[in-house]
Amino acid sequence: MTGQTSFSEIEKRWQKKWADEQVFKTSSDPDRPKFYCLEMYPYPSGKLHMGHLRNYSIGDSFARYKRMRGFNVLYPMGYDAFGLPAENAAIKHKTHPEEWTRRCIADMKAQQSALGISYDWDRQVQSIDPEYYRWNQWIFLKMLEKGLAYKKAAPINWCPDCNTVLANEQVEDGKCWRCKHVVEEKNLEQWFFKVTAYADRLLEGLEHLEHWPEQVKVMQSNWIGKSYGTIIDFDVVDESGKKIDTISTFTTRPDTAYGITYLVLAAEHPKVLEWTGGTKYAEPVKSFISEVKKQTIIERTSETKEKNGEFLGVYFVNPVNGEKCPLWVGDYVLMNYGTGAVMAVPAHDQRDFEFAKRYGLPLKVVINPKDGHELNPDKMARAFCDEGVMANSGDFNGSESRDAIEEISKFLESKDWGKRTVNYRLRDWLISRQRYWGTPIPIIYCEKCGIVPVPYDQLPVTLPKDVEFTGEGNPLAKSESFTKTTCPKCSAPARRETDTMDTFMDSSWYFFRYLSPKMDSLPFDKKDSDYWMPVDQYIGGIEHAILHLLYARFLTKVLKDLGLTDVDEPFHSLLCQGMVTKDGAKMSKSIGNVVDPAEIMDRYGADTARIFMLFSALPEKELEWSDKGVQGAFRFRNRVWRLVDEAPETEAREHNNSDRQMISRMNRTIASVTGLLEDIRPSLAIGALMEFVNAIYKYREAKVHVDVHAELLENLALLLAPFSPHLSEEMWERLGKDGFISLAKWPESDEGRIDPEAEASDELVSSTASDICRVLELAKLDKPSKVRLFISDAWKYDFVRQLKQELEKTRDVGSILKSIMSTGLKVYGQEISKLVPKLAADACKMPAVVMDQDKEVAVLEENRATLEKQFGCPVELVRAQEAKEPKARQAMPGKPAILVE
């Protein structure tokens with residue numbers, strides 16, 4: 001019964017039973033506490049990878065545990081199925097994206113089912129279904145009515161050879177992924193969501209997300225990037241000093257305004273090409289911009305990266321002192337923060353300092369340290385960024401730099417040179433995608449009526465089938481059946497919008513659709529939202545910490561403002577699982593270190609794969625793949641099965657010490673596993689179960705109490721159910737239990753049955769056996785003729801109890817000795833004075849639970865036969881006070897002295 005073939009049959013049999021009897025189907029039930037468990041909306045790539053396997057194993061173990069704790073668990077699954085990969089696959093394989101995507105969904109669902117995930121498949125949704133993306137369009141129209149959706153010009157990546165817009169991920173080293181032509185930047189009218197209108201609410205909401213990783217909250221806060229500062233206006237002039245334009249910058253440090261020596265613009269700033277056009281600076285600047293576009297935002301803003309730039313050939317005038325300074329373009333400035341132009345004060349900003357040193361730009365000190373030291377710009381090794389005393393700053397000289405922030409801001413405002421303001425790094429959400437495989441934006445363009453929303457009763461606007469995927473242009477724009485329509489207002493010929501929505505739209509509210517997946521009058525039922533939302537536990541990768549989570553929070557607030565829900569934050573608790581690595585690197589086809597989950601499941605079974613994934617690391621940590629670890633999980637699964645498959649010897653008896661010890665250990669294990677699962681620490685919970693299994697095997701070495709043994713296996717099966725559900729169901733059935741273990745009640749720990757003394761008895765026998773082995777090794781005896789165990793003098797038990805009590809009060813040996821010598825133990829003062837310093841220095845030498853001499857003798861007597869069998873010789877028990885051997889004096893509570901012959 002332990003072969004892999006039979007386990008494969010077991011898994012398939014239980015998966016069929018779960019499906020046939022709809023064990024995991026869920027509905028609202030106001031009389032039961034709810035628990036909404038959810039993994040991030042996956043893209044259907046066709047095959048599970050190890051990240052999927054880990055994610056779903058974590059989520060399912062927690063969902064199963066909560067279900068057994070009596071919660072009404074909502075645990076759905078669906079597929080974020082629109083997007084560029086499907087369209088690229090259609091181009092490559094000359095097929096339709098829908099055909100490819102639905103095949104991938106079917107393959108992925110089959111693997112998820114084979115893993116034994118307890119989803120309510122009746123709630124399955126996928127974004128490619130018109131019944132789903134109809135509501136994307138409905139929400140868009142509602143946002144348009146509220147002024148939260150609007151259209152404006154924005155830059156796009158354009159391949160002139162393919163005559164198509166490219167996504168950022170289709171631009172490789174500044175060139176088109178298909179034809180390798182250099183990509184150009186063009187401005188195009190596109191649709192946006194006004195996420196900036198919710199910036200403050202999104203920022204304030206982070207304060208209430210107590211169960212989110214601090215790292216994620218910091219990342220979101222930084223992305224929103226709220227800062228208080230001042231906008232300063234500068235006249236732009238040519239070489240001769242003639243004004244040609246104006247430029248504004250945002251700064252949080254107006255106290256350094258007198259120290260500006262140059263300005264830096266982002267490579268994307270529209271003025272860069274305008275000012276250099278037709279000049280000798282045009283080509284170097286264009287070349288520079290092309291190189292900058294090849295860099296990621298992380299690379300451009302890295303503190304360790306060398307800062308690069310180009311002079312633009314124009315200047316600006318600093319209004320506070322009239323100085324003419326150069327304008328540059330730099331790679332470390334981003335267009336999406338402030339105005340896209342940064343005032344550079346190299347004496348007091350490290351990035352500016354490094355840039356100035358590289359290009360020979362001047363430094364001007366305007367803040368000196370508070371200790372009176374005056375900085376010399378020619379000798380500075382790095383920027384001085386601390387608070388200090390103002391210098392070289394006109395009427396503000398001598399004032400504290402902190403105070404000067406406010407005073408210089410007022411001064412700038414009084415001269416109309418600037419204005420105090422609040423700035424956000426956050427920018428509105430560009431949702432337009434010039435691609436086919438996405439939700440059509442429900443807009444019609446009429447020459448007479450202009451931009452016209454598609455009426456609600458004409459939704460969904462569906463994707464046409466008569467399209468070709470050549471990689472050139474937007475297939476939607478070439479479909480006359482799609483583009484040609486009539487104006488809903490005047491009935492004149494009109495054309496449809498051919499942009500589709502960013503796929504982040506699909507994943508920003510899908511968790512609401514799971515609540516009412518078949519509702520056709522609204523995106524979801526508010527009653528369902530009132531019951532199920534928010535999601536209690538959300539699980540996914542840290543790579544989604546910013547955009548997905550930010551947009552999901554934004555859409556939730558929009559839906560609340562539309563009256564569809566009362567929740568303001570969608571996810572109560574967030575777990576970001578670590579990646580799976582192999583040979584120290586993230587699994588990747590390019591590296592060649594990928595392990596296929598299907599192969600592991602086929603060879604070792606789904607339960608083995610789950611146990612390995614859950615046991616090998618805490619969920620938020622990286623998991624290093626290990627073939628030995630998989631084999632270890634496989635052995636553990638088989639060891640558990642043998643406990644049911646192979647019956648032990650039993651006897652009818654009163655509970656002995658071994659029985660009491662196992663009952664105690666069982667209840668302690670229940671408490672431990674329960675607490676660890678509440679904290680989502682499955683690796684530690686499985687570790688506790690492995691120790692429990694070892695203890696059961698040890699218990700079975702002698703005859704067992706039939707009822708105690710049955711209770712041990714019953715609770716083991718229950719505790720294993722979240723991690724190894726197929727095996728647990730089979731055990732449950734073999735134990736003669738009714739129903740599904742997946743729906744059984746989680747065991748409760750009975751504190752009254754936890755017997756520390758009984759557990760200490762087991763430790764006494766185990767440690768004594770280990771000590772005998774060490775003595776035999778030192779004596780170089782392979783086959784002893786006799787082992788004598790000397791049990792500690794009776795008075796030492798009272799002494800150790802009192803010493804442990806004293807150590808809770810003080811570590812002072814003198815005070816402890818004084819206290820103990822004031823009792824009847826004083827008669828043993830000479831020995832006690834030697835023992836106290838040793839034991840106080842190393843309290844681990846004392847047992848956690850102190851029995852008495854009679855109890856220790858009884859425990860060892862009960863286990864004498866086991867010890868004799870282990871060492872192949874008689875074992876004699878002697879009370880120390882009855883022994884003549886000097887060795888007996890060394891015996892301590894929990895630590896018999898040993899003589900071997």
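Reply: Ala, Val, Leu, Ile, Met, Phe, Trp, Tyr, Cys and Pro count as nonpolar, Asp, Glu, Lys and Arg as charged, and the others, Gly among them, as polar. By these classes, the residues lining the second largest pocket divide into 10 nonpolar, 10 polar and eight charged. The model is predicted: local features need pLDDT of at least 70, side-chain atom pairs count only at pLDDT 80 or more, and totals for chains, interfaces and linings use all residues. Residues are numbered from 1 along each chain as its sequence is written, and side-chain values use heavy atoms, with hydrogens and water left out.

Me: Why are α20 and α21 called roughly antiparallel?

Reply: Helix α20 (residues 657–678) and helix α21 (residues 682–699) pack at an angle of about 170°, with their axes 9 Å apart. Angles under 35 degrees count as roughly parallel, over 145 as roughly antiparallel, 65 to 115 as roughly perpendicular and the rest as oblique. The two helices are therefore roughly antiparallel. Their contact (heavy atoms within 4.5 Å) divides into 12 nonpolar, three polar and three charged residues.

Me: What makes helix α3 mostly covered?

Reply: Buried means under 20% relative accessible area, exposed over 50%, and partly exposed in between (1.4 Å probe, protein chains only). In α3 (residues 84–93), seven of the 10 residues are buried: Leu84, Ala86, Glu87, Asn88, Ala89, Ala90 and Ile91. What covers these buried residues includes α4 (97–114).

Note on methods. Helix = DSSP H or I, 4+ residues; strand = E, 2+ residues; numbered from the N terminus. Axes fitted to C-alpha atoms, helices over the stretch in contact; angles between N-to-C directions.
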